[in-house]
Amino acid sequence: MPEFGSFDATRLHYDIEGDGPPVVLLHGFASTSFINWVRPGLAKALTAAGLSVIMPDARGHGLSDKPHAVEAYTGEAMTRDCSALLDHLGLDSCAVAGYSMGARTGLALVLDDPRINRAVLGGTGDRLLNPPNPDRELVASALETDDPGSVTDRTARGFRDFADRTKADRFALAACWRAGRRRFSHEELAKITSPVLVLAAEGDPVIGSPQALARAIPGAELRLAQGTHLNVINSAAYRDAMVEFLSRD
């Protein structure tokens, strides 16, 4: 798996499969490119449709460097990482598809990097516009504690359990969580001209309203699939909608 030094010399791993128009796939929080894209068969389906997939592990995740300082994740670091990857690969145009945290990064790329020509915002909704303001320290502390049984908050325990299942670096994730999240405005989204697909689980309570997010982006399409925030990405309906949209034209 190749790697490169990002804008601040953080080493980031990525993988490339297939030939054809490129799609950058951005995984979710506490996940990896393998868990979100390879294991469910999404990468294979996209390459079978004639696309090439570029799958980085975000900083703090997978095989990439895992800094424990909050400052390593601030200042739109993950968005800048993706632009640095496009520079490294010499790409002047590509699509992007992200899930959950990766969708937030993908939306930032659509707004900030003119090389993005098409985007799938997966596992997300209008909380990109109005994110909740949970006790960030509560979740970060749940990730750091040696005793997961001491975590009583349901949301915090969910993050901790998922991090344990994926064998993630919990201290890197805590730093990433403390860094906060970008809040997008309706005015920003109204300026988007690239084709966008909002793709989510129907009734996912984690993400807000995918319908409202799609309405905020001119011409955006909306597809809903059965599942939960953690498993909808494994569904055939999710896979088929993503492949059809990204291989169109």
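A residue is called buried here when its relative accessible area is under 20%, exposed when that area is over 50%, and partly exposed in between (1.4 Å probe, protein chains only). A142 counts as buried because its relative accessibility is 3%.

Before going further, a word on the ground rules. This is a predicted model, in which local features need pLDDT of at least 70 and side-chain atom pairs count only at pLDDT 80 or more, while totals for chains, interfaces and linings use all residues. Residues are numbered from 1 along each chain as its sequence is written, and side-chain values use heavy atoms, with hydrogens and water left out.

**Around A142**

A142 sits in helix α5, which covers residues 136-144; helices (H or I, at least four residues) and strands (E, at least two) are DSSP runs numbered from the N terminus. Beyond its neighbours within four places in sequence, A142 is in contact with V151, A156 and R160, where contact means heavy atoms within 4.5 Å. D161 is 19 residues away from A142 along the chain, and the two C-alpha atoms are 9.6 Å apart.

**The whole protein**

The protein has ten helices and eight strands.

| Property of the protein | Value |
|---|---|
| C-alpha span along the principal axes | about 50 × 40 × 35 Å |
| Accessible surface | about 10,900 Å² |
| Buried share of the 249 residues | 51% |

Carbon and sulfur atoms hold 50% of that accessible surface, computed by the Shrake-Rupley method with a 1.4 Å probe. Among contacts between residues at least 6 apart in sequence, 72% join residues at least 24 apart.

**The nonpolar cores**

A nonpolar core is a set of buried Ala, Val, Leu, Ile, Met, Phe, Trp, Tyr and Cys residues joined through side-chain atoms within 4.5 Å. In the largest one, which has 32 residues, V96, L189, V196 and I217 touch the most other members. Elements that each supply at least two residues of this core include β2 (11-17), β5 (94-99) and α9 (210-216). Helix α4 gives the largest share, five residues.

Which residues does L189 contact, leaving aside its neighbours within four places in sequence? They are L107, L129, F184, L213, A216, I217 and P218.
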